[in-house]
Amino acid sequence: MYQRSITRTSHSAIVIAIDCSISMQEWTTFYRTRMRKMEVASLIANFAIDELVTRSTRAGDIRNYYDIAVFQYSGDGIEPVIASEDNNMVNISTLQDRMPQPVCYNIRQVHDNIIPISLNGWTTPKASGTAPMYEALAHIKNLVSKWCSDTFNRNSFPPIVINITDGCCSDAEDAELLDIASEIKSIGTYDGTALLLNVYLANEADYSEQI
C-alpha cells in the first residue's frame, strides 16, 4: 500500500507513451463517438496532461508536484513530445510557458447529445510505420530507473507509467514484452514500485454497446 502524498517535497513522475504506428489509423468507438485510434490516443494524452497541470496549479502558478515525460513511438522511432533537451523528464512547472493552442473534440453523450470538449493540444494524432513497443518500454525503464535512483526522489510517490496502444508490437514477442514490463514494475522508491497502466484501444469491430 502506497503511503506518500504527492507534494512539492514528495512529488512523483509521470510517463505517457503513445503508440503512433500505422494500425492507429483504424477506427474505434470512444464515448459513443466514432474516431480513429490515433485521435483517441491524442485526446486521452491531452486530457491527462491538462489534468496534471490543473492539479498542480495553485494561485495561478504550476507547482512542481510532478516530473513528466511524454513521447510517441512509431516507425520513426521514439519522438519526445514533452521532455528535456537530453530526452529526460521535466518539472511540470515548465509547461506554464509551453501552453499550446486548445483543440475542440465533439463527444457524443447519452441521447446522442454532442458535447464539445476543449483541451490543450499537447499532442497531435499521428499513425505511421511499425510499433516498436519494446523499444519504448526499454526507454521508459531507463527513465524510471534514473528518476528513482536520484536521492531527491527516494522518498517520493513512485512513478506512474501510462502506455496508450492498440496492442500491436513489431519488435518483440509477448514474453519479451511481459519481461520488460515486469522490470519496470520492479523499480521504485521507498514508498513502493512503479505503476504501469495500459490504455487499450480496441478495434471498432470489437466494440459492443452492451459493454
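Leaving aside its neighbours within four places in sequence, which residues is Ile164 in contact with? A few notes on this one, bearing in mind that the model is predicted.

1. To take the opening question: beyond those sequence neighbours, Ile164 is in contact with Ile16, Ala17, Ile18 and Asp19, with Ala41, Ile44 and Ala45, and also with Tyr73, Val199 and Leu201.

2. Ile164 also turns up in the largest nonpolar core, which has 35 residues. The members touching the most others there are Ile16, Ile18, Ile49, Ile68, Ile82 and Ile164. At least two residues of this core come from each of β1 (12-19), α1, β6 (66-74), β9 (102-108) and β11 (160-165). Helix α1 gives the largest share, nine residues.

3. There's another core, lying apart from that one, with 24 residues; Phe71, Tyr73, Leu143 and Ala172 are among them. Tyr73, then, belongs to this other core, yet Tyr73 is in contact with Ile164.

4. If you search the whole structure for cavities of 30 Å³ or more, you get one. The largest cavity holds about 40 Å³ of space.

5. Who lines the largest cavity? Ile18, Cys20, Met38, Ala41, Ser42, Gln72, Thr123, Thr124, Pro125 and Lys126. By type, that lining splits into five nonpolar residues, four polar and one charged. Helix α1 (residues 37-56) supplies the largest share of the lining, three residues.

Notes. Residues are numbered from 1 along each chain as its sequence is written. This is a predicted model: local features need pLDDT of at least 70, side-chain atom pairs count only at pLDDT 80 or more; totals for chains, interfaces and linings use all residues. Side-chain values use heavy atoms; hydrogens and water are left out. On a 1 Å grid over the protein atoms alone, a cavity is a set of points where a 1.4 Å probe fits but cannot get out, and a pocket is an open set with protein on both sides within 12 Å along at least five of seven lines; lining residues have an atom within 4 Å of a point. Grid points are joined across faces, edges and corners, and a volume is the space filled by probe spheres set on the points. Helices (H or I, at least four residues) and strands (E, at least two) are DSSP runs, numbered from the N terminus. Ala, Val, Leu, Ile, Met, Phe, Trp, Tyr, Cys and Pro count as nonpolar, Asp, Glu, Lys and Arg as charged, and the others, Gly among them, as polar. A nonpolar core is a set of buried Ala, Val, Leu, Ile, Met, Phe, Trp, Tyr and Cys residues joined through side-chain atoms within 4.5 Å. Buried means under 20% relative accessible area, exposed over 50%, partly exposed in between (1.4 Å probe, protein chains only). Contact means heavy atoms within 4.5 Å.
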